[in-house]
Amino acid sequence: MIAKRLVIVGVSVAAALGGAAVFLDQMAGAPDVSAAATSGSVPTASAGPGGSPSPGGLPPGDPPAGDGTADEPDAAAGAGNGPASGSGESTGSPAPASGAREVLPPVAVAPTGLPLPSQPAALVSMPLPATASAQGKIVEGFPADALPFPEGTVVVSTGVSAADAVLQVTADAISAAGQDSVVGHFQQRLSTLNFWSEPAPAADGQRSVRFVRGSDSITLTTSTTGTGSTRFMLLGNLHTTAG
């Protein structure tokens, strides 16, 4: 009986020791379980496509929430690099900037209309004749070629007077032709020398016409004599330079 009791006590003690050992073993393993639980609550990096880790252990190809904008700058940068690489291969001229205007060289305008007439030659030239006068004839230095008298004219007097580059000429003569014929004679002659004419003030019974070309001027005054002839007088100022 004593032996049986000892066996029973030994078994009980062994069972108690075994239970204590199991309890202590469980207590010793509890921190590992909590640590594992703690580490399991944090997303672990899992290998994604190409070996790069995927955050949070998400399946490959599913981007994490909030990270969609992270790759947008790279995409924009990639898009911006496209034209740059293309421009390096372009062989054409660069397109002008927006709003830029191409400046063209001035276009020469062809002259229109009739050409300007050449300047007429002066009726007198240097050196001018000395001041002089003559009765009944044409004085020396008088421009008879430019101012020829009508045919059949009787010269009363002529004169010339020089001052600087201007020669003043005078004439007094009588023509058997009428006033219109005498005026027409000088108009026809002086018009070939580019003179234009206009009426000028005159005394009663007289007719006066002024001929002008630039700075040159000649005044013709006519009147009818008692015998029906025409008496004409010339007063001119002629310059040595044309115009």
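## Aromatic pairs

Three aromatic pairs turn up in this structure, which is a predicted model. Take Phe149 and Phe232: their ring centres sit 5.7 Å apart with the planes at 70°, so this pair counts as edge-to-face. Phe149 belongs to the loop between strand S3 (132–135) and S4, while Phe232 is part of strand S9, so the pair ties together parts that are 83 residues apart in sequence.

How buried are the two partners? Phe149 has a relative accessible area of 16%, which puts it in the buried class. Phe232 is buried too, with a value of 0%. Zooming out a bit, ring pairs join Phe142, Phe149, Phe186 and Phe232 into a cluster.

## The nonpolar core

Those four cluster members show up again in the largest nonpolar core, which has 28 residues. The members touching the most others are Phe142, Phe149, Phe186, Phe211, Ile218, Phe232 and Leu234. As for where the core comes from, the elements giving two or more residues are strands S4 (154–163), S5 (166–175), S7 (206–213), S8 (216–224) and S9 (230–239), plus helix H3 (179–191).

Setting aside neighbours within four places in sequence, its contacts are Leu147, Leu190, Phe195, Val209, Arg210, Phe211, Leu234, Leu235, Gly236 and Leu238.

## Helix H3

H3 is 13 residues long and spans 18 Å from first C-alpha to last, close to the 18 Å expected at 1.5 Å a residue. Its buried residues are Gln179, Val182, Val183, Phe186 and Leu190. Looking down the axis of H3, you'd find these buried residues within an arc of 95°, so they line one face of the helix.

What does that buried side pack against? The buried residues of H3 pack against S5, S7, S8 and S9. On the face turned away from the buried side, you'll see the exposed residues Asp180 and Gln188.

## The whole chain

Stepping back, the protein chain has three helices and nine strands. Reading from the N terminus, the elements go α-β-β-α-β-β-β-α-β-β-β-β.

Of the chain's 243 residues, 22% count as buried. The protein chain exposes about 16,600 Å², with carbon and sulfur atoms supplying 61% of that area. On the contact side, take the contacts with a separation of 6 or more: residues 24 or more positions apart account for 47% of them.

Notes: Residues are numbered from 1 along each chain as its sequence is written. This is a predicted model: local features need pLDDT of at least 70, side-chain atom pairs count only at pLDDT 80 or more; totals for chains, interfaces and linings use all residues. Side-chain values use heavy atoms; hydrogens and water are left out. A nonpolar core is a set of buried Ala, Val, Leu, Ile, Met, Phe, Trp, Tyr and Cys residues joined through side-chain atoms within 4.5 Å. Buried means under 20% relative accessible area, exposed over 50%, partly exposed in between (1.4 Å probe, protein chains only). Helices (H or I, at least four residues) and strands (E, at least two) are DSSP runs, numbered from the N terminus. Contact means heavy atoms within 4.5 Å. The expected span of a helix is 1.5 Å times one less than its number of residues. The arc is that of the directions from the helix axis to the C-beta atoms. Rings of Phe, Tyr and Trp (its six-membered ring) pair if their centres lie within 6.5 Å; planes under 30 degrees apart count as stacked, over 60 as edge-to-face and the rest as tilted. Accessible areas come from the Shrake-Rupley method with a 1.4 Å probe; for residues, only the protein chains shown count as cover.
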